[in-house]
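Subject: Model for your files

Hello,

The structure we discussed is below. My notes follow it.

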Amino acid sequence: MTNDDITLTAGDAEVTVRPGNGGRVAGLRIGGTELLRQGERFGCFPMVPWCGRIRDGRFRDGATVHQMPLNAPPHAIHGTARDAAWRTARVDDGAAVLTHDLAEPWPYPGRVTQRIELAEDSLTLSMAVETYESSFPAQIGWHPWFNRTLDGAEATLDFTPAWQEERGEDHLPTGRRIDPRPGPWDDCFGMPDGVDVTVTWPGRLSLRVTSREQWVVVYDEQREAVCVEPQTGPPDGLNSAPRLVTPLEPLEASTTWTWTRL
């Protein structure tokens, strides 16, 4: 199939998916109101095969050190798949499945499969990383840019993390866990019972972001948007908390956004 844009609808919800632009969800409209910041670099993109920053762009796998391009100098950020064209594997009633084959500069062969499934009151994003050759460390996550204001209502965030990863001056975790601090944030939080963050636009909409994963990065330092990013490990996790993809065990994750009109 081609990598043309895909539109999914369910009730008055509509999603636009752009396989050719990093496999991202480019738009989510509820009753005609767009929830995601628009633009080639925004919407909601998959972070894979790593999430957030890798310190100095280097990660170790056994005795081997790999160097990734420094696309956020002095670090590498958000994986390689958001800059690639994905393939549309299939589109059916309310769902689309996309695939992406990992390639240079990532040093290991593997395939990423992403499923986008829309219901009248929810959007579920699922992803799996598989390999049939060498095992390798990886991470999965999503980076949505939610519009800060909807029809004049400014978003608020509600969540109760167990801890916050202390952030160094280089924007990477120091390895210390601290009590959660007030925002604004560009920070990673631990939620051992699963990610559960609610974005509310008072009088307009409440959107709950959930995931079985235990890590979430919250970024609200920009005037235009707020980001709630469920992921399988913290920033620099390829070094500090690697999850191994093997021929027998893929890395899988999902997140669901559920909305309620206010």
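Which residues lie nearest the centre of the largest pocket? They are Arg-53, Ile-77, His-78, His-143 and Asp-186, out of 26 lining residues. Before the rest, note that the model is predicted, with local features needing pLDDT of at least 70 and side-chain atom pairs counting only at pLDDT 80 or more, while totals for chains, interfaces and linings use all residues. Residues are numbered from 1 along each chain as its sequence is written, and side-chain values use heavy atoms, without hydrogens and water.

Pockets. A pocket here is an open set of points on a 1 Å grid over the protein atoms alone, where a 1.4 Å probe fits, with protein on both sides within 12 Å along at least five of seven lines; lining residues have an atom within 4 Å of a point. The largest has a volume of about 340 Å³, volume being the space filled by probe spheres set on the points. Its lining divides into eleven nonpolar, six polar and nine charged residues (Ala, Val, Leu, Ile, Met, Phe, Trp, Tyr, Cys and Pro are nonpolar; Asp, Glu, Lys and Arg charged; the others, Gly among them, polar). Several strands (DSSP runs of E, at least two residues, numbered from the N terminus) each supply at least two lining residues, including strand 20 and strand 22 (186–190).

Salt bridges. The whole structure holds 21 salt bridges (a side-chain nitrogen of Lys or Arg within 4 Å of a carboxyl oxygen of Asp or Glu). One of them joins Arg-53 and Asp-186 at 3.9 Å, N to O. Arg-53 is in strand 6 (residues 53–54) and Asp-186 in strand 22, 133 residues apart. Asp-186 is buried, at 13% relative accessible area (buried is under 20%, exposed over 50%, partly exposed in between, with a 1.4 Å probe and protein chains only). Asp-170 and Arg-55 also meet, at 2.4 Å; Asp-170 sits in the loop between strand 20 and strand 21, Arg-55 in the loop between strand 6 and strand 7 (58–61). Asp-170 is partly exposed at 29%, as is Arg-55 at 31%.

Strands. Strand 20 (residues 163–167) and strand 21 (residues 173–178) run antiparallel, joined by three bridges; two strands pair if DSSP finds at least two bridges between them. Glu-165 stands opposite Arg-177. In the hairpin of these strands, His-171 takes a positive phi near 70 degrees. Separately, eight strands form an open antiparallel sheet in the order 10-11-12-13-28-24-23-19, with strand 10 (87–92) and strand 19 (156–158) at the edges.

Regards

How values were computed
Helix = DSSP H or I, 4+ residues; strand = E, 2+ residues; numbered from the N terminus.
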